[in-house]
Amino acid sequence: MSATTPPPMPVDETTAKRKDAHLDLCATEEVAPIENATLFGQMFLVHCAMPELAFSELDLSTPLFGKRLKAPLLVTGMTGGTERAMQVNRDVAQVAEEFGVAFGVGSQRAMAERPELAGTFGVRDVAPNTVLIGNIGLVQAVRLGVDGVMRLKEGIGADAMAVHLNPGQELTQPEGDRDFRGGYAIVGELVKRLGAERVLVKETGCGIAPEVARRLVDVGVRAIDVSGLGGTSWVRVEQLRAEGVAREVGAQFSGWGIPTAAAVASVRRAVGPGVTLIAAGGMRTGLDVAKAIALGADVGGMALPLFRAQQEGGVPKVREAMATVLTALKQALALTGCRTPQELRHRPRVISGELKDWLAAL
Ligand SMILES: Cc1cc2nc3c(=O)[nH]c(=O)nc-3n(C[C@H](O)[C@H](O)[C@H](O)COP(=O)(O)O)c2cc1C
């Protein structure tokens with residue numbers, strides 16, 4: 001990053017500290033409320049007793065942001081900005097490189113405020129070939145402008161930049177942003193300058209509705225991560241840090257959002273085939289990933305389980321968690337008679353209960 005063009009943001013000493021507080025909560029607390037469901041539990045793939053294929057011929061490779069993944073999985077952006085965050089990034093990115101899946105860093109706001117923190121987001125030395133995705137919040141993107149966001153992307157050698165949407169979290173955080181205007185405009189500008197194949201718009205656990213997805217596509221977006229309800233709730237994380245009114249209102253909204261399965265299927269229906277769709281938010285198994293792909297996702301995304309694995313046992317535990325997910329995904333392909341993830345789209349499925357209701361309404 002050039003020393004002559006500092007990002008136009010005030011230095012905020014609290015951003016990095018808040019990040020470590022978030023990690024503490026995500027490591028140990030009930031940040032994914034059990035009563036929140038992705039609704040993948042209400043979708044069933046149909047067993048094929050005679051798959052007529054060899055496990056060894058399954059091909060999970062999937063294109064993403066100009067490269068090819070060995071398997072359709074993204075470790076969605078989590079952290080950066082502190083020593084502890086750096087270790088998380090490096091351990092998980094190393095495993096992403098080994099398995100040929102994509103990796104995102106967490107919000108680079110701390111880096112925009114204090115460029116000397118860039119190293120805590122830097123993983124290119126351990127993940128030279130990985131599809132690497134930078135990250136900034138929508139409100140920060142408005143403040144930084146296109147040049148500032150581009151500097152963040154270039155500062156870590158990312159293949160694409162994720163802009164995250166988190167109004168639920170911001171409203172629960174007493175010091176959070178309250179002005180969400182200008183979002184589509186900045187996203188449209190980013191797409192123009194970086195190219196549509198270099199921009200990802202993602203939620204963070206409340207989901208993206210078809211109407212929002214359509215408007216994003218109208219301003220040029222071609223990659224969306226729905227990050228829906230059913231996993232980590234950022235409203236809950238902030239609620240656990242809050243006091244008084246914010247704590248009470250946060251409790252009321254800890255189940256707010258569009259279940260991930262409903263978001264994926266309805267967004268795919270709304271935007272058609274030309275948009276790369278990532279399904280994250282409460283994805284916990286390879287079978288979840290298979291179901292998401294059957295419903296229209298290109299790639300599954302996961303954050304909390306891999307963070308917790310890293311906290312529990314560093315690289316070996318992350319490796320084990322990743323191997324479990326990808327083995328189960330392959331097993332789901334084999335047991336539905338699919339050689340590729342894409343074939344899942346055409347396999348029979350059963351959709352029941354609330355998921356059926358959501359899909360009828362959206
Ligand atoms: C510890 C942790 C930190 C996160 N930090 C960010 C972040 O900085 N930027 C972002 O876009 N999403 C962030 N997320 C959200 C995830 O990228 C993703 O949208 C969603 O949480 C995935 O759901 P899961 O955690 O249930 O797998 C974070 C998630 C976790 C668990």
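The strands and helices are DSSP runs numbered from the N terminus, with at least two residues (E) for a strand and at least four (H or I) for a helix.

Before going on, a word about what you're looking at: this is a predicted model, where local features need pLDDT of at least 70 and side-chain atom pairs count only at pLDDT 80 or more, while totals for chains, interfaces and linings use all residues. Residues are numbered from 1 along each chain as its sequence is written.

Now, back to β10. Strand β9 (residues 223-225) pairs with β10 in the parallel sense over 3 bridges, and Ile-224 has Leu-277 as its bridge partner in β10. β10 is also joined to β11 by 2 bridges, and these two run parallel; there, Ile-278 has Val-299 as its bridge partner in β11. Two strands count as paired if DSSP finds at least two bridges between them.

## Closing the barrel

What order do the strands of the barrel follow? The 8 strands close up as β4-β5-β6-β7-β8-β9-β10-β11, with parallel pairing. On average, neighbouring strands of this sheet are turned by 25° against each other, direction ignored. Such angles compare axes, which are lines fitted to C-alpha atoms (for helices over the stretch in contact), and they run from 0 to 180 degrees between N-to-C directions. Strands of a sheet pair through backbone hydrogen bonds, either parallel or antiparallel.

β4 and β11 pair in the parallel sense over 3 bridges, and Leu-74 has Gly-301 as its bridge partner in β11.

## A helix tucked inside

Helix α11 (residues 286-294) is largely enclosed by the rest of the structure, because 8 of its 9 residues are buried. The buried ones are Gly-286, Asp-288, Val-289, Ala-290, Lys-291, Ala-292, Ile-293 and Ala-294.

What does α11 lie across? It lies across β4 (73-75), β10 (276-279) and β11 (299-302), running at about 140° to β11. After α11 comes Gly-296, whose phi is positive, near 125°.

## Around the ligand

The ligand is surrounded by 26 residues, and the closest are Thr-76, Gly-106, His-164, Gly-231 and Ala-303.

By class, the shell has 11 nonpolar, 14 polar and 1 charged residues. The nonpolar class is Ala, Val, Leu, Ile, Met, Phe, Trp, Tyr, Cys and Pro, the charged class is Asp, Glu, Lys and Arg, and the others, Gly among them, are polar.

Is Ile-208 buried or exposed? Ile-208 counts as buried because 26 other C-beta atoms lie within 10 Å. You'll find Ile-208 in the loop between β8 (199-202) and α7 (210-218). Leaving out residues up to four places away in sequence, Ile-208 touches Glu-203, Ala-213, Ile-224, Val-226, Ala-263 and Val-267. Touching, or contact, means that the C-beta atoms, placed from the backbone, lie within 7 Å.

Glu-52 isn't a glycine, yet it has a positive phi of about 55°. Glu-52 sits in the loop between β1 (43-45) and β2 (62-64) and is exposed, with 7 other C-beta atoms within 10 Å. Phe-65, also not a glycine, has a positive phi of about 45°. Phe-65 is in the loop between β2 and β3 (67-69), and it counts as buried, with 20 C-beta neighbours inside 10 Å.

## The whole chain

The protein chain has 13 helices and 12 strands. Its radius of gyration is 19 Å, close to the 21 Å that the globule rule gives for 362 residues, so the chain is as compact as a globular protein of that length. The radius is taken over C-alpha atoms, and the rule is 2.2 Å times the number of residues to the power 0.38. Buried residues make up 52% of the 362 residues.

Note on methods. Near = placed C-beta within 6 Å. Buried ≥ 20, exposed ≤ 12 C-beta atoms within 10 Å, placed from the backbone. Contact = placed C-beta atoms within 7 Å.
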